[in-house]
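Here is a report on one protein chain, written for a reader who meets it for the first time. Please keep the sequence and the structure in view while reading.

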Amino acid sequence: MAKIDNRNIESHLKEKRVFKPSREFARAARIKTLAQYQKMWRESIRSPEKFWAREAKELMWRAPWKKVLEWKPPFAKWFIGGKINLSENCLDRHLLTHRRNKAAIIWEGEPGEKRTLTYQQLHHEVCRFANVLKRNKIGKGDRVIIYLPTIPEAAIAMLACARIGAVHSVVFGGFSSDAIRDRIQDSGAVAVITADGSYRRGGIVPLKKNVDDALRERSTIKRVIVFRRTAADIHMEEGRDVWWHRELEYVNANCPPVALDSEHPLYILYTSGSTGKPKGILHTTAGYLLGIYATTKYVFDIRDEDIYWCTADVGWVTGHSYVVYGPLACGATTLMYEGAPNWPEPDRFWRIIEDHRVNILYTAPTAIRAFIRWGDEWVKKHDLSSLRLLGSVGEPINPEAWMWYQRTIGGGRCPVVDTWWQTETGCIMITPLPGAVPTKPGSATLPFFGVDPAIVDLSGKEVGPNVGGKLIIRKPWPSMLRTIYGDKERYKKQYWSEYPGNYLTGDGARRDEEGYFWIVGRIDDVLNVAGHRLGTSEIESALVSHARVAEAAVVGRPDELKGQGVVAFVTLKANVDPTAALKAELREHVGKHIGAIAKPDEVRFAEALPKTRSGKIMRRLLKELATGKTVTGDTTTLEDFSVLAKLSGAEE
Ligand code: WT7
């Protein structure tokens, strides 16, 4: 058991299983052994500029850089003096090779349509749409809101912006008009690119109407470009709104990429802060491109012949980095799917994998836990033998969910890469390399090249093995956020003030005796039970390891004796009865797996847990419920409002 220290987060859950990369996989991989990874990692930390310069040479530059890094904490500039264009790297670069007739995007709509765009075709569409932007007086440095479903046009719009140096800000298609309005206001955007609607679980989401509502009051928006997706009846505002397909009639496909400064802003992506207004995370061109290029190459060990599928929506950073930019920068084939995983039935993902012979699957723990809940019979109906690599991102993955993913989806033959990163980091930071690093279920394992993470206590001192603390990054990296748009002070305060010169991730973690990282959850969610600081993920994982549990969320509530008591919200697998006996059993189960200190004071069964639109459990809301309060905080990012009503009406 870990040493008890009131200031630090304790860690009790010990996972013993280790999975070595198979000899076959390792032999074909870019990085083949742990020793090779370690050597390269050490070099990358000793001389990051040399490492990144070598990787950067694989990209296409318009003018060479003069200096790799200028670091005036907390402000970094990478590849100073260099000129580059991200869309040229994702498109034109491949037209010079055999890749020009290869599928760049394979897309499947929720209703079932299929489309394939080769690199040549995608290039053609991007050039034409970039000319549409210019025709509508959108130019370099202008901010453009993209509010589209996960359809090829979302990628086309992003790449077209990048081609002319316009700065995009993608707003997730599930967000409301208020969210659009706030983002327009904060970014000062001049245009919105949207669709007449999008399909979701068979219904139509009224995207254009949401945009109309967001534009009711005076705003900076001069133009709205509307793609026809559903043929729904919509309002077109004279003088402001134009149709995507009509605009294309006026342009040709000749649009040379603009040579942009390395540090030219590429996009702003808003992420909800724990309090207050959303933060506009700003990413710039060369460093971001390099980060997503290098990680896609090494982490997914991507091959020309692969069909790669990241299931994220383009509205999240994962959709930016690993649906669109990363795979295209690598010249890979990226699969895009528009809809829900359980539409029309819970086997949609497995059907897609079978139909398209997908080789690499990258998805989220929340989806994996839902699949477990829906039952293995949906998986067994399909041939998943094309898969060769699996990835996970977004939350700590519970060891039992990891095991299920590895066995039931991966057939025991695919490496699982559990990748830790954030909107702010731009690309994957802590991750196994699939041919080199032995994996342990629930651990994101070791840092990527050039990444220097550490776990520190309150005084900033690095803690020893298996002691919990705060996760920080000690060196700048190319794809790091450059600022919070329009708010330098918040950027400094939020990420760099606690341990000056070091980036604060906001996550709690521990390292085991082999240096493996185990993320225990957001620092804000940490519980303090009788002087013991416990991360949420370990108690949750202990609950999920019980055969009848599908998902669990743990929060603290004030307790006179212990400071905080542990309340567990638990969803059960299909056809399990929510009995009092089972509650008692679950308490004992946690006691056995972690220790008496972590035993929930109360177990509440729920039909579903409140999640953000990106699938993260909203523990903040559960905390309010656990203390008997009604939910008052911001719920705009909540996926399904009926969940809250059900929870507050829940028994006890
Ligand atoms: C937060 C970042 C990374 C893109 C999608 C989410 C949590 C993310 C993992 C992982 C444990 C993870 C962290 C992080 N997280 N990946 N593999 N293991 N936790 O981006 O919305 O910016 O969220 O997600 O808490 O800080 P995001």
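What pLDDT does the chain average?

## Confidence and conventions

The chain averages a pLDDT of 93, and 95% of the residues score at least 70, where pLDDT is the predictor's confidence in each residue, from 0 to 100. Residues 1–6 stay under 50 in pLDDT, and the model has nine contacts for them beyond four places in sequence, a contact being a case of heavy atoms within 4.5 Å. Where pLDDT is low, the predicted coordinates should not be read in detail.

This is a predicted model, in which local features need pLDDT of at least 70 and side-chain atom pairs count only at pLDDT 80 or more, while totals for chains, interfaces and linings use all residues. Residues are numbered from 1 along each chain as its sequence is written, and side-chain values use heavy atoms, with hydrogens and water left out.

## Two domains

The chain is divided into domain 1 (23–509) and domain 2 (526–649), with bounds that come from an automatic or database domain assignment. The C-alpha centres of domain 1 and domain 2 lie 31 Å apart, and 16 residues of domain 1 are in contact with 21 residues of domain 2.

## Cavities between the domains

A search of the whole structure finds six cavities of 30 Å³ or more. On a 1 Å grid over the protein atoms alone, a cavity is a set of points where a 1.4 Å probe fits but cannot get out, and a pocket is an open set with protein on both sides within 12 Å along at least five of seven lines; lining residues have an atom within 4 Å of a point. Grid points are joined across faces, edges and corners, and a volume is the space filled by probe spheres set on the points. The largest cavity holds about 110 Å³ of space and is lined by 13 residues, of which Gly442, Trp518, Ile519, Ser537 and Glu538 lie nearest its centre. Strand E27 (517–522) and helix H17 (536–544) are the elements that give two or more residues to this lining; helices (H or I, at least four residues) and strands (E, at least two) are DSSP runs, numbered from the N terminus. The lining of the largest cavity divides into seven nonpolar, four polar and two charged residues, and it draws at least three residues from each of domain 1 and domain 2. In these classes, Ala, Val, Leu, Ile, Met, Phe, Trp, Tyr, Cys and Pro count as nonpolar, Asp, Glu, Lys and Arg as charged, and the others, Gly among them, as polar.

The second largest cavity has a volume of about 80 Å³, and its lining includes Arg369, Glu395, Ser537, Glu540 and Arg619. Helix H17 gives the most to this lining, with three residues. The lining of the second largest cavity has four nonpolar, two polar and four charged residues, and it too draws at least three residues from each of domain 1 and domain 2.

Helix H17 is largely enclosed by the rest of the structure, because nine of its nine residues are buried; buried means under 20% relative accessible area, exposed over 50%, and partly exposed in between (1.4 Å probe, protein chains only). Among these buried residues are Ser537, Glu538 and Glu540.

Val554 has its place in strand E30 (residues 549–559) and counts as buried because its relative accessibility is 0%. Arg510, in strand E26 (residues 503–511), is buried with a relative accessible area of 2%. Leaving aside neighbours within four places in sequence, the contacts of Arg510 include Ser11, Tyr516, Trp518 and Glu538. The C-alpha atoms of Arg510 and Gly469 are separated by 6.3 Å, although the two are 41 residues apart along the chain.

## The second largest pocket

The second largest pocket has a volume of about 240 Å³ and is lined by 15 residues, of which Leu34, Gln38, Leu446, Glu514 and Tyr516 lie nearest its centre. Helix H2 (residues 34–46) gives the most to this lining, with five residues, and by class the lining has eight nonpolar, two polar and five charged residues. Gln38 lies in helix H2 and counts as partly exposed because its relative accessibility is 33%.
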